[in-house]
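Here is a friendly note to read alongside the model. Please keep the 3D view open and turn it as you go through the points.

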Amino acid sequence: MRVKTFVDPVLEIAEITDRISKTPSRNKALLFENTGTDFPLLINSMGSEHRMCMALGVQQLDDVIKDIEDIFKKLSAPKSGIIEKLAMLPQLSKFASWMPKVVSCKGACQEVVMDKPDLSKLPILKCWPKDGGRFLTLPAIHTKDPNTGIRNIGMYRMQVFAPDTTAMHWHKHKVSAKHYNEYKKLDKRMPVAVALGGDPIFTYAATAPLPENVDEYMLAGFLRKKRVELVKCLTQPDIEVPADADFIIEGYVEPNEEMLWEGPFGDHTGYYSLPDWYPRFHVTAITHRKDAVYPATIVGIPPQEDAWLGKATERIFLTPMKMTMVPEIKDMNMPVEGVFHNLVIASINKEYAGQGQKVMNAMWGAGQMMFNKILVLADGNVGIDKYKELAQYVFSNLNPVTDVYFSQGPMDVLDHSCSKLGFGGKMCIDGTKKWEEEITEAQHAFSLSKEFTAVDIKKQFPEISSINIDLANEWNIPVLFVAMSKKREHHVRELHSQVCNLSGLTGIKMILYVEQSVDAKNIADVLWRFSNNLDPRRDHFYAGPDNNILGLDGTRKTKDLDSFDRPWPNIIVADDDTIAAVDKKWAEMNIGDLIISPSLKYKDQLYGKEAEVTA
């Protein structure tokens with residue numbers, strides 16, 4: 001949809017996009033033609049399965065799987081004779097045709113060179129009210145290893161601090177951070193270039209979790225079935241960038257220079273990521289196409305556009321995982337409520353006892369799957385995108401004492417639930433059918449006792465604000481969701497012990513606890529808040545007459561009640577002034593009937609007014 005009315009890149013564009021992207025019947029790409037700059041802004045361009053498929057040039061996301069399987073099979077098939085080996089030559093020639101190529105001429109991305117590089121001339125967004133400033137949100141950042149010259153393209157937000165200065169949000173686990181540390185050891189200036197726009201395959205490739213030494217533009221070439229043409233930067237000639245990008249921002253980082261206090265930023269978790277120190281990027285040139293369109297995205301409470309980038313990754317990287325590390329895996333699903341790493345579901349073709357644990361360990365060692373927090377396993381005959389049937393199957397096979405595994409390891413730096421930054425607990429729920437060697441006691445069909453009602457339990461325990469017994473009562477899934485007001489140390493654990501001793505709770509296997517402001521009836525919101533706030537290893541406990549009902553504490557953690565020493569972030573909502581401004585402007589934008597702001601639903605769940613919770 002084209003929007004010709006002036007819309008402010010500060011907060012207003014994000015609010016409009018949030019409304020559109022969360023309304024399935026109205027979810028379209030948006031082109032804001034009047035941004036107060038010389039450039040239009042395109043957003044939500046990959047915010048649906050159809051548009052993501054268009055970006056990748058396929059009819060369905062699983063079409064890519066077929067291509068990858070075909071390549072793996074041809075490469076791995078035994079070749080005993082000269083004829084079979086010669087038959088591979090056309091395939092190798094095809095591979096070569098996908099490799100990126102540096103061309104000697106200037107690219108379309110260099111048609112216009114700014115006399116003086118000035119980021120304020122671009123319609124850079126401020127997305128949420130407590131963001132630290134304006135951020136580039138779709139930058140493909142190009143760096144090289146100073147020792148090997150191997151290129152990396154990654155996508156990391158960039159906060160603008162001056163017309164020629166930004167921060168580089170390089171997490172310690174990322175390849176660009178490794179390059180930065182290598183330059184620091186050598187005490188050398190680090191050249192960097194940022195590409196914006198162009199073929200959408202560049203944007204996707206920059207987000208893809210590739211092995212460290214695999215060129216993202218080789219993946220782009222494979223997906224597009226043609227090579228990516230690159231040109232040398234004008235002021236940073238050691239870096240090559242896509243010739244047909246819309247904008248190129250060239251510059252450098254001085255590794256030993258004082259860092260910038262970057263953030264906060266409303267992140268893809270639906271919470272703010274809080275400020276920290278990050279490297280300072282100096283802009284030396286900005287070039288662009290004559291008809292350049294500035295690309296952007298917003299992230300926040302799911303679903304957002306990034307959900308479809310994640311879905312593409314889920315489908316594209318299933319086959320390499322299957323054919324190299326986890327051969328028994330049949331399918332994988334990353335529900336949007338799990339914001340990528342927090343919740344992953346996998347189905348496996350199980351052939352022996354203990355295979356679930358084998359898969360668990362393999363997946364937690366597979367690239368960026370090391371950041372996964374909750375892994376759910378089911379058998380290969382189960383549709384893992386049919387959540388009701390999946391939950392019924394998993395819990396029918398689950399002994400919560402013996403079939404839920406707790407571990408710890410590296411976690412995403414954005415995971416605020418960890419007691420230590422980037423290091424925390426993990427949990428695997430093995431819902432596969434158990435072999436004889438794995439069974440310690442028989443699992444029986446479940447039905448919730450009629451003695452147990454939500455009204456009665458809320459009367460008995462006034463700290464419970466809402467309880468969801470529908471999963472147990474209507475679907476025979478032995479799980480309860482409980483929203484509660486936590487008032488003292490060990491309150492959740494104590495409540496769990498008391499609830500589990502109620503006579504009507506026989507057969508319940510798991511209870512999930514969230515804070516009182518969350519509606520326990522809203523499954524999507526419960527899972528989003530729960531999976532963000534839980535450290536499984538720290539926040540689990542068992543209770544009940546047989547000590548076999550698993551409780552999981554997905555409430556906010558504090559220093560006073562939980563001895564939690566890290567800052568806790570707020571959830572992300574638009575401010576009242578922005579909501580009112582967009583409401584007032586809506587009719588003149590000609591984009592259909594007014595859509596009520598999604599933020600209004602979450603206003604009463606805020607912990608206060610700031611990005612960091614202080615009380």
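1. Let us start with charged pairs. A search of the whole structure finds 37 salt bridges, a salt bridge being a side-chain nitrogen of Lys or Arg within 4 Å of a carboxyl oxygen of Asp or Glu. Side chains of opposite charge can pair when their charged atoms come close. Before going on, please note that this is a predicted model, in which local features need pLDDT of at least 70 and side-chain atom pairs count only at pLDDT 80 or more, while totals for chains, interfaces and linings use all residues. Residues are numbered from 1 along each chain as its sequence is written, and side-chain values use heavy atoms, with hydrogens and water left out.

2. One of these pairs joins Asp267 and Arg157, whose closest N and O atoms are 2.9 Å apart. Asp267 sits in the loop between strand S16 (265-266) and strand S17 (272-273), and Arg157 in the loop between S8 and strand S9 (158-162), so the pair ties together parts that are 110 residues apart in sequence. Helices (H or I, at least four residues) and strands (E, at least two) are DSSP runs, numbered from the N terminus. Are Asp267 and Arg157 buried or exposed? Both Asp267 and Arg157 are buried; buried means under 20% relative accessible area, exposed over 50%, and partly exposed in between (1.4 Å probe, protein chains only).

3. Now look at Arg315 and Asp331, whose side chains form a salt bridge with 2.9 Å from N to O. Arg315 belongs to helix H9 (residues 306-316) and Asp331 to strand S21, and this pair links distant parts of the chain, 16 residues apart. Arg315 is buried at 10% relative accessible area, whereas Asp331, at 25%, is partly exposed. Arg315 and Asp331 also belong to a network of salt bridges that links them with Asp62, Lys311 and Glu314.

4. A further salt bridge brings together the side chains of Arg488 and Glu494, at 3.0 Å from N to O. Arg488 is partly exposed, with a relative accessible area of 37%. Glu494 is partly exposed too, at 32%.

5. Strand S21 leads us to a sheet. Which order do its strands take? The sheet is open, has five strands in the order S21-S22-S23-S25-S24, and its pairing is mixed. At the edges stand S21 (329-333) and S24 (404-410), each with a single partner strand, so one side of each is left without a neighbour in the sheet. On average, neighbouring strands of this sheet are turned by 25° against each other, direction ignored. Two strands pair if DSSP finds at least two bridges between them; S22 (residues 343-348) and S23 (residues 374-379) do this in the parallel sense over six bridges. Ser347, for example, has Ala378 in S23 as its bridge partner.

6. Helix H11 (residues 355-363) packs on that sheet, touching S21, S22, S23, S24 and strand S25 (423-430), and its direction makes about 135° with that of S22. Axes are lines fitted to C-alpha atoms, for helices over the stretch in contact, and angles run from 0 to 180 degrees between N-to-C directions. Contact means heavy atoms within 4.5 Å.

7. Strands S7 and S8 pair in the antiparallel sense over five bridges, and the bridge partner of Thr143 in S8 is Asn152. Six residues lie between the strands of this hairpin, where Gly149 takes a positive phi near 75°. S8 is mostly covered, with four of its five residues buried.

8. Helix H6 (residues 175-186) has buried residues that pack against S7 (140-144), S8 (151-155), S11 (190-196) and S14 (247-253). Among those buried residues are Val175, His179 and Tyr183. Just after H6, Asp187 takes a positive phi of about 55°.

9. How many disulfides are there? The count is zero, where a disulfide is a pair of cysteine sulfur atoms within 2.5 Å. The sulfur of Cys109 is 7.8 Å from the closest cysteine sulfur, in Cys233, which is too far for a bond. Cys109 is buried at 0% relative accessible area, and Cys127 is buried as well, at 4%.

10. Lastly, find Gly551 in strand S30 (residues 549-553). Gly551 is buried, at 0% relative accessibility. Leaving aside neighbours within four places in sequence, Gly551 has contacts that include His496, Tyr513 and Asp539. Gly551 and Asp539 are twelve residues apart in sequence, and their C-alpha atoms are 8.2 Å apart in space.
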